[in-house]
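Me: I'd like to learn how to read helices and sheets in a model. Can you walk me through one?

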Amino acid sequence: MVFKMARGPADPEVKAKVLEYLGKVQKAKSRDVAVAIGASKSDVDNAVKELTAEDLVEYLYITTTFICLKGKVQTPD
Amino acid sequence: MTEKNTPLLDELEKGKWPSFVTEIKRAAVKSEAAGELLQVLERSYKERRGHWKHGGIVGVRGYGGGVIGRYVDEPQTYPNVAEFHTVRLLQPSGWFYNTKTLRTVCDIWEKYGSGLTNMHGSTGDIILLGCKTEHIQPIFDEFSDAGFDLGGSGSCLRTPNCCVGPGRCEHACYDTLEACYNITNEFMDELHRPMWPYKSKIKFSGCANDCTSSIARSDCSVIGTWRDTLRIDQEAVKEYAAKINIKAAVCDKCPTSCLTFNAETQELSVVGEDCTRCMHCINVMPKAIQPGKEKGATILIGGKSTIVQSAFMSWVIVPFMKMEAEDDFAEFKDLMRRIWEWWDEHGKSRERIGETIYRLGMTKFLNGIEVAPVPQMVFRPRANPYVFWNQDDLDRSGTALDGSKL
């Protein structure tokens, strides 16, 4: 078992798949994204880290933390 | 100052203790938002319901936590607190500040926010209460330039916290300040980018007095202990004997009855194997009794307040771990990564790790993180029929399975 979370640059292919998946849904937990795109959770976390720094993805807190495309989900009423 | 009456809140200013209402009124002299906050709070007391919503977008680029969105439910009535977000800042270990630093925090906060602070929040970080969405990024930028970083919020590692440790306390069995600082720096990604089923907390207490309440309030409690035996200064014991009833105040209150006071010789003795390191005797007779020389920490897992399940206290998973050098911290970090990896894989959304362990069982958890079971993990192991002690061990300790003396 590999315990270390992924470090270093994210895989561009995983980043593209994350963006594509988030385009189809309103919001998601990163584990659900990992299952949906067939990538490891740590690779998705690493990709999300870069995508948020690039202002393409943002975190959203609604009872727990989700991720979504930047600007896709407005603050709930 | 707010012009409207707040008769219910005014009641909270009576008495000889400090009042948060008084402090908010002081802030309201400079801040309209603080004035409106009083009105919202007065109305909540009157109607017996809250008027706040929280959550939503976290506004600092690249970060997933540290700012908690808060909104009043009638923005047209209370425009100055329509957005009233909370900012969390990482606190220095042990909450040591100089006045220049505190002035810097307050100056930045009065420039952009309500001026209201909570020093410190229950997790331990600096809490800044009430700012608008447009000010979040400038606030972060200025605090960043001043040497601060955001704390944790959301489904991430929450800001680790520690007791004052060796900074002021003789009981500390390891350097809680260094451990907290070192380990916080290691897990910055986990702190700033929420990636887990729910929140996870680490608290560092230097001894079993547990001044951070880590056993009840953190998912991972790191509590100082010692591996050898209590050190007793018999001359100091004699001095205490002249002032207190040692048998009644210390020996009779020892949870494992491992201490004996000989009234004739005025000497105190301990059965080291029976001592659970509870700190009671040390607290009563600090000049006569000290922790052993071989110090470290016990690692416990699963403490939390009520969410999916009721409140839990942490369970022991590592009875003793040295916490002195970088290698010791590396061992702890590796353990935490294994724990989070397992929880991340098996935990349900909004399930703390203690609840995941409760649902799936300690056996699966220990197998998952590759930690061998030991008797210290079992509640009252000597009274538990599933733990098999050798007769030699029992003879040596002088205690039978039922707790009676052999």
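Reply: We'll take a helix, then a sheet. This is a predicted model, where local features need pLDDT of at least 70, side-chain atom pairs count only at pLDDT 80 or more, and totals for chains, interfaces and linings use all residues. Residues are numbered from 1 along each chain as written, chains are lettered from A and ligands numbered from 1 in written order, and side-chain values use heavy atoms, without hydrogens and water.

Me: Which residues of α1(A) are buried?

Reply: Buried means under 20% relative accessible area, exposed over 50%, partly exposed in between (1.4 Å probe, protein chains only). Here they're V14(A), K15(A), V18(A) and L22(A).

Me: What do the buried residues of α1(A) pack against?

Reply: Packing is read from contacts, meaning heavy atoms within 4.5 Å. They pack against α2, α3, β1 and β2 of chain A.

Me: In what order do the strands of the open sheet in chain B run?

Reply: Strands of a sheet pair through backbone hydrogen bonds, either parallel or antiparallel. Two strands pair if DSSP finds at least two bridges between them. In chain B the order is β3-β5-β7-β6, with antiparallel pairing. β3 and β6 of chain B stand at the edges with a single partner strand each, so one side of each has no neighbour in the sheet.

Me: How many bridges join β5 to β7 in chain B?

Reply: There are 4, and L89(B) has I126(B) as its bridge partner in β7(B).

Technical notes:
Helices (H or I, at least four residues) and strands (E, at least two) are DSSP runs, numbered from the N terminus.
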